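Trainee: I am new to this structure and would like a close look at a single part of it. Please take me carefully through the disulfides.

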Amino acid sequence: MMIGPRFNRALFDPLLVVLLALQLLVVAGLVRAQTCPSVCSCSNQFSKVICTRRNLREVPDGISTNTRLLNLHENQIQIIKVDNFKHLRHLEILQLSRNHIRTIEIGAFNNLANLLTLELFDNRLTTIPNGAFEYLSKLKELWLRNNPIESIPSYAFNRIPSLRRLDLGEMRRLSYISEGAFEGLSNLRYLNLATCNLREIPNLTPLVKLDELDLSGNHLTVLRPGSFQGLTHLQKLWMMHSQIQIIERNTFDDLQSLLELNLAHNNLTLLPHDLFTPLHHLQRIQLHHNPWNCNCDILWLSWWLKEIVTTGSTCCARCSTPNNLKGRHIAELDQNFFTCYAPVILEPPADLNVTEGMAAELKCRASTSLTSVSWITPNGTIMTHGAYKVRISVLNDGTLNFTNVSARDTGLYTCMVSNSAGNTTASATLNVTATDTNYTYFSTVTVETMEPTQEETEATEHKVGPTPVIIWETTNVTTSLTPQSTKATDKTFTIPITESSIPGIDEVMKTTKIIIGCFVAITLMAAVMLVIFYKMRKQHHRKNHHAPTRTVEIINVDDELRGGSPIESHLPMPAIEHEHLNHYNSYKSPFNHTTTVNTINSIHSSVHEPLLIRASSKDNVQETQI
């Protein structure tokens with residue numbers, strides 16, 4: 001078959017080649033979009049791909065680009081690579097649970113911008129793969145349950161702020177949770193920390209929208225106030241099988257929206273008075289399977305259960321001790337079963353004098369930690385255990401704590417300790433002294449004078465005696481000064497007096513610090529000047545030491561020079577290398593003024609050569625260096 005030149009030219013046309021390549025890519029894409037891996041089953045137009053229990057060791061190829069749900073549950077995959085899911089831009093649910101995954105490469109989920117749910121539970125991850133969560137901007141649910149993760153670092157999930165549900169349960173090797181582990185999860189609604197070997201409740205303050213929290217199966221021996229700080233929206237709290245023995249006063253004060261509380265299967269025997277009072281919306285509570293000790297301290301719980309818990313649900317809390325009440329429902333108890341007494345305050349508050357700005361404490365320790373402690377302030381405000389204001393708080397032991405007192409805190413404070421039998425009160429006065437000690441004020445001074453009689457005046461004119469002495473009486477409360485005199489008149493004078501107190505210790509300390517600072521500064525300046533002087537002196541000495549030296553030979557000859565031959569015979573001179581510096585010839589010539597001038601000039605002009613000077617004395621020849 002003959003192919004014409006026109007067809008050949010069209011075949012090699014670049015534009016045509018590009019169009020054909022694009023068409024092939026489109027066809028290949030359509031084919032891939034409609035394919036299903038041979039080891040998987042697909043449905044809903046290839047949008048749902050099921051590859052469970054296929055003994056897969058890696059993510060299979062040929063997954064349709066239209067896939068929205070990919071289930072790789074129960075396989076043997078160990079590594080999630082960067083390019084495993086790069087073409088699945090529409091994927092919404094990825095199930096990788098119950099594999100052998102040890103490593104997830106950074107960026108493995110980068111192209112999954114529409115992913116909503118990521119299941120990684122029951123694998124072998126030892127760290128939180130936070131580097132793989134970089135671009136999961138729509139992720140709502142993350143399941144990491146039952147992985148051998150040992151620690152959760154700070155900002156472990158801050159790259160997925162859209163997260164609503166986080167499952168970290170059954171991490172039995174978990175030993176450390178950082179204070180900032182949950183930073184950035186402001187939208188989280190559900191958190192599972194059950195069976196995580198927790199010894200205390202981690203910092204949950206960033207979870208401001210949390211609705212459900214599961215802490216079951218841990219080792220939370222003691223629950224303290226502030227454990228649930230910030231969880232004002234929490235509605236459900238589960239703490240079953242957590243070995244809880246003690247719940248301190250006001251532990252649940254922050255849970256104002258709580259609807260359900262489960263404390264079953266713990267080691268609780270008693271609860272503090274009015275522990276559940278702040279839970280105004282509580283509807284369901286589980287207290288069964290606890291060794292309750294039924295005595296006077298549990299009566300408040302009996303009354304509370306009768307008022308709050310619905311009929312038929314009170315059967316869940318039963319007495320364990322004493323034997324005569326064992327098995328009885330707590331809600332059936334009343335005062336007829338016990339002989340109860342009002343609480344005793346072992347350490348009542350004492351009057352306190354403090355200076356404004358200082359910290360202060362008013363103690364109020366009761367005979368048992370199960371009582372309720374409240375404080376009545378001077379303005380009538382009642383502060384309960386765990387209550388907090390800007391500067392004032394009630395500590396766990398009932399102490400009223402002031403971080404810094406002010407003048408308006410002055411007044412009478414009453415501590416009220418309550419239990420089921422009654423209340424006991426004790427009061428103390430807090431006196432606050434202002435810090436400003438330099439007061440200026442006016443005091444009235446009454447001065448009574450005495451008018452002398454005419455005889456006394458004449459006697460005074462003839463004889464001048466000593467000045468009469470006036471005795472002043474002062475008091476600490478006022479500055480009223482009264483002179484004593486034998487006679488009084490009706491004339492009084494009011495004199496304004498200005499007083500200022502002695503400077504306080506703070507001013508003295510401030511002045512002392514200034515003086516010490518000046519002394520240290522002067523000492524340092526003197527040291528610096530000494531160092532500079534020493535360096536300048538050393539530099540000057542070094543310059544003098546390295547100055548050029550000259551050799552001057554002073555030759556003493558007779559006053560009358562007879563000729564050159566005797567001198568040559570007695571003073572043989574070494575040969576001079578440079579002719580222009582040959583001073584030997586000058587010594588052979590008769591001594592005259594011109595020779596002396598030339599010699600001096602040669603001294604100034606020569607640096608390294610020895611200089612010979614002829615003198616007129618008969619002393620021995622001397623040689624010196626200049």
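Mentor: Let us begin with C42, which is partly exposed at a relative accessible area of 27%, where buried means under 20%, exposed over 50% and partly exposed in between, with a 1.4 Å probe and protein chains only as cover. The model is a predicted one, in which local features need pLDDT of at least 70, side-chain atom pairs count only at pLDDT 80 or more, and totals for chains, interfaces and linings use all residues. Residues are numbered from 1 along each chain as its sequence is written, and side-chain values use heavy atoms, with hydrogens and water left out.

The partner of C42 is C36, at an S to S distance of 1.9 Å, and C36 is likewise partly exposed, at 28%. A disulfide is counted here when two cysteine sulfur atoms lie within 2.5 Å. The torsion about this S-S bond is about 85 degrees, so the disulfide of C36 and C42 is right-handed.

C40 and C51 form another disulfide, with their sulfur atoms 1.9 Å apart, and because its torsion is about 110 degrees, it is right-handed. C40 sits in the loop between α2 (14-33) and β1 (41-43) and C51 in the loop between β2 and β3, so the pair ties together parts 11 residues apart in sequence; helices (H or I, at least four residues) and strands (E, at least two) are DSSP runs numbered from the N terminus. C40 is buried at 10%, and C51 is buried at 0%.

A search of the whole structure finds 5 disulfides, and, with bonded cysteines counted along the chain, their pattern is 1-3, 2-4, 5-7, 6-8, 9-10.
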